[in-house]
Amino acid sequence: MNPDLGLLQPYPFEKLAKLKAGVTPPAHLEHIALSIGEPKHAPPGFVVEELIHHLHGLANYPLTRGSDALREAVAGWLLRRFKAKVDPATQILPVSGTREALFSFAQCVVNRADKPLVLMPNPFYQIYEGAAYLAGATPWFYPTPAENGFLPDFDAIPAEVWRRCQLIYVCSPGNPTGAVLPEAAYRRLIELADEHDFIIASDECYSELYYDAPPVGLLQVCANLGRDDFARCVVFHSLSKRSNLPGLRSGFVAGDAVILKGYHLYRTYHGCTLPPPTQTASVAAWRDEAHVEKNRALYLQKFTKAIEILGDVLDVSMPEGAFYLWAKTPISDTEFARRLFAEQNVTVLPGSYLSREVDGHNPGAGYVRMALVAEMDECAEAAERIRHFIQTL
């Protein structure tokens, strides 16, 4: 077996299951799960119909690079959304959702012979860490503290770290905090990548869930800088959150053509190609914005209601993006989650499970992540139960 498998930590939901083990919640209260970021809004019907109508395509092997129609639909969306002109022939590859791509990308681009570092935010999406370990690299966690709006300070990272960095993951809007990386931060990161020759992997799977201005994207910043080659820059997008299609497993990577040429070679062996019906359905989804606007409006209603209920009893505020409430807890995050389940049959995820201790401090400790993915009434009911629980502490 690969010895690096022994470096992998239990997944957050495995830890959560152990935390809840032996607890019997009140039988008269239906369980409400706010722990998993799985969209529960209905998938757009026209996309489902496209998928069904093209099931005959299962008779054909799909190409690793995907169909021309899919890459052109993605290129059109990137131009409309981010004002970034991307070559569909060389600068776009379809992937089986961002999770698969964020993991496999590191396996392709990291040179394990050079004692590499892979940088990632803290708190973070655990796939980044696993990808680094199994690529033979060492994860290096950069802080995103509350006092800085849950944003990183790239200039505070030591030069020695940048010299060893081969890949950095950024996530905007962030999971779990919802913080949006500003253009100035992206620009500084690009300068550092040019200076130290590392790759930027921008996880933008929540980019269409925003509640004020649309978040800027890495390719958009490149376009503003006149960097049409998108050197050292790759973005990751998905239909899971944008279009409520997590089961479709459809997304794309786009950016630097030289990097994507190597990644395309890797993927021909990796074998994660999108089935033809999935590609056809994805074309329809990327070409339509009306369903995305309705989806975003539903999340805004739920956030507004939840903060109205919880705002005076819990340290929580409206996120810039994504669908999580990142709430500071009045007791330890693990005790809060266990007792909330025991007393109110509501499941939330302790923030310490989404972070790593650095210099004796776990930045997720004292927070819980609540995914407002259920329908409006259920989210409101969960907020009322959480309010009652806090008032009884």
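## A tour from the sheet outwards

Begin by selecting the seven strands that form an open sheet of mixed pairing, in the order β2-β8-β7-β6-β5-β3-β4; strands here are DSSP runs of E with at least two residues, helices are runs of H or I with at least four, both numbered from the N terminus, and two strands pair if DSSP finds at least two bridges between them. At the edges you will find β2 (92-95) and β4 (138-143), each with a single partner strand, so one side of each has no neighbour in the sheet. From one strand to the next, the twist averages 20°, with axes fitted as lines to C-alpha atoms and angles running from 0 to 180 degrees between N-to-C directions.

This is a predicted model, in which local features need pLDDT of at least 70 and side-chain atom pairs count only at pLDDT 80 or more, while totals for chains, interfaces and linings use all residues. Residues are numbered from 1 along each chain as its sequence is written, and side-chain values use heavy atoms, leaving out hydrogens and water.

Next, select β3 (residues 117-122) and β5 (residues 165-171), which run parallel and are joined by three bridges; Leu117 has Cys165 in β5 as its bridge partner.

Move on to helix α4 (residues 97-109), whose 13 residues reach 19 Å from first C-alpha to last, close to the 18 Å expected at 1.5 Å a residue, the expected span being 1.5 Å times one less than the number of residues.

Finally, select Leu58 in the loop between α2 (45-53) and α3 (68-82), where Leu58 is exposed, with a relative accessible area of 57%.

Notes:
Buried means under 20% relative accessible area, exposed over 50%, partly exposed in between (1.4 Å probe, protein chains only).
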